[in-house]
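Good morning, and thank you for coming. Please take a moment to look at the sequence and the structure on the screen.

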Amino acid sequence: MGQWLSWVKSNEKELLSILDNLAKKAVETSEELVVLFSDLTDTDQANKIHKLETEADVLTRDIFSELNKTFITPLDREDMQRIASKIDDVIDFMDGIAARVYSYHITTPPPYCEEMAKELVNATKEVEYMISKLQRIKNPQDMIDHCRNTSDIEHRVDDLYREAIRELFKTSDAIEIIKLKDIYETMETASDRCVDVADVIEDIVLKYT
């Protein structure tokens, strides 16, 4: 029995460790996105971001693989799957932003994009913090506060998005409007997915505390 309990504890740590690494990968990707918009002359930056996205996909598959072969999980299996999927979505959308910048031949940083990218860094750091506390939730209110912080960041991104769209439609270049609107919308969606992660974590906190 002791050996079995030891295996369960070890497996729990493995699952949460992979999830933590995935959250760290989201932060790293968001930081590289800021670099992208600060200097669009570095044509290799999109490849760096795509490499991070590929690494995140491997971590996500590892989480699902571990969950599929684990009888007892540290948290509800569905909750862990949702967290992993949503963090992976955040990274996928950020990779999509970088891909669009280069596919659309954007050579000048679009207005508001660097600000939005910096807010994504803030949001992913909130996600990383909350994931790091899942193994032992000592302060439920602290977790709830960070969930709220993530939502506040999303509201700031929404404000930037609306302002960016308003400015964009002052122009008459239809092709430019289509390109930049797509990029702005993808950035706003990445922020939404961070809130999705926070919502799942808030559910967990309320369920287990």
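Predicted model: local features only at pLDDT ≥ 70, side-chain atom pairs only at ≥ 80, totals over all residues.

Residues are numbered from 1 along each chain as its sequence is written, and side-chain values use heavy atoms, with hydrogens and water left out.

I begin with the pair. Helix 3, residues 77-103, packs against helix 6, residues 174-208, at an angle of about 165 degrees, and their axes are 9 Å apart. Helix 3 is therefore roughly antiparallel to helix 6, a term for angles over 145 degrees. Helices here are DSSP runs (H or I, at least four residues), numbered from the N terminus. In the contact of helix 3 with helix 6, the residues divide into 15 nonpolar, 2 polar and 10 charged. Here Ala, Val, Leu, Ile, Met, Phe, Trp, Tyr, Cys and Pro count as nonpolar, Asp, Glu, Lys and Arg as charged, and the others, Gly among them, as polar. Just after helix 3, histidine 105 takes a positive phi of about 55 degrees.

Now the single residues. Is threonine 150 buried or exposed? Threonine 150, in helix 5 (residues 140-168), has 0% relative accessibility and so counts as buried. Lysine 51, in helix 2 (residues 45-68), counts as exposed at 52% relative accessibility. Buried means under 20% relative accessible area and exposed over 50%, with a 1.4 Å probe and protein chains only.

Definitions and conventions
Axes fitted to C-alpha atoms, helices over the stretch in contact; angles between N-to-C directions. Helix = DSSP H or I, 4+ residues; strand = E, 2+ residues; numbered from the N terminus. Parallel < 35°, antiparallel > 145°, perpendicular 65-115°, else oblique.
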